[in-house]
Amino acid sequence: MPPSASSNWLKLQKVCRYKAKNQTINPTGKTKAPKRRKHDKTTREKSPSPTPSQSSHAQHEDSEAGPSSAADNSPKSLRKMVEGHVVFTEKQRQPGKYLAVDCEMVGVGLEGEESSLARVSIVNFYGATVLDEFVKQRERVVDYRTQWSGIRPSDMVNGAAKPFAEVQKLVAELLENRILVGHAVHNDLKALLLSHPYPLTRDTQVLAFKSKATKSKRIALRNLVKQELDLTIQSGEHSSVTDARATMAVYRIHKKAWDKLLGAFARTDALSLAVAGKRKAEEEDEEEEDEPRKAKKAKGVLPGPEGRKGVSSGLSTVVRRGSQVHIKGKGKGRGASGAGGGGEDKAQWWAQLPSSSSGTKKGSIKL
């Protein structure tokens, strides 16, 4: 009877049978262990579940996607703003700090060549209309320029238009202490007969050229909007509200860079003003120092200590007529005020001049 195998030997036989079963034989006769299956990390790693704070933040953004899109500076949102497809909250309808203005004109005078203000539109930073008024004309309108201005005779009747002075006052009150945004805004201010502080003015035409956003010094608004927003405006009748919104949209794209650029200009202007002020103060000090000198000159007093007392002016003229001598002028020599003997002789130096009978005419004049 064969001896019984030990437990270790039995275990070893099981392991060998298992390996022989799972091994594959190559044509060369060598055994090859099976490849391990590689699991994809993406399948093993599970995406973490969102935290309560993240889920609430996402819900908050989704809930505000409608009205708050007016504050979005993406090109898509700005295009919607220009086209008027934005819903504003009550807060976003307030004037705020930034206002964009645009005006439309009609033709008056001979052949309608003179421009007269006919419509003023002002929008805030979000594109909400703050003011949109038609202006009553005091002269006969020769050309309404409807194909460009969009204004018709019906806009000027039935109380739709207000007097120029009333509209001007409304605009001035709105612009006070606010930043004015406009494209070639000097034309709008000229039509309104208003002025605005330069530090509170943002001219998109000027800033686009100075910031090298465009090569043209006087780029048209429609071309600038096409370049920045890929949006076509002013293809037909113009709308001052649309133009004001487009101006504000362009400014919002470059707001940070343009405000920084204006800050550099403001520092340069302040430095030049300081230098000019210092130079003016120095000139005023010099004028104050020259005042006593000018006063003496006006009174006929010669410059110098005590008006150069005792110095001959050289204006005396000696004329000899025969044996008589005449003195013209009030000048006196230094010897005229001298003391002691010989002072009188020096004072009458002309008496020693040779007469005409001596044959010499040096130092004498005969009339």
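Select Glu133 and Lys162: their side chains make a polar contact at 3.3 Å (N or O atoms within 3.5 Å, one able to donate a hydrogen and the other to accept it; residues adjacent in sequence count only if both atoms are side-chain atoms). The model is predicted, with local features needing pLDDT of at least 70 and side-chain atom pairs pLDDT 80 or more, while totals for chains, interfaces and linings use all residues. Residues are numbered from 1 along each chain as its sequence is written, and side-chain values use heavy atoms, without hydrogens and water.

Next, display strand E5, residues 129-135, which holds Glu133 (strands are DSSP runs of at least two residues, helices H or I runs of at least four, numbered from the N terminus). Glu133 counts as buried because its relative accessibility is 17%, the cut-off being under 20% with a 1.4 Å probe and protein chains only. Beyond four places in sequence, Glu133 is in contact (heavy atoms within 4.5 Å) with Ala118, Arg119, Val120, Lys162 and Val167.

Now move to the largest nonpolar core, of 31 residues, where Val82, Val225, Leu229, Ile233 and Met248 have the most contacts inside it. Such a core joins buried Ala, Val, Leu, Ile, Met, Phe, Trp, Tyr and Cys residues through side-chain atoms within 4.5 Å. Helix H10 supplies its largest share, 7 residues.

Select H10 itself: 12 of its 14 residues are buried, so the helix is largely enclosed by the rest of the structure. Among the buried ones are Asp243, Arg245 and Arg252.

Finally, centre on Leu229, which touches Pro75, Leu78, Arg79, Val82, Ala249 and Ile253, leaving aside residues up to four places away in sequence.

Note on methods: Buried means under 20% relative accessible area, exposed over 50%, partly exposed in between (1.4 Å probe, protein chains only).
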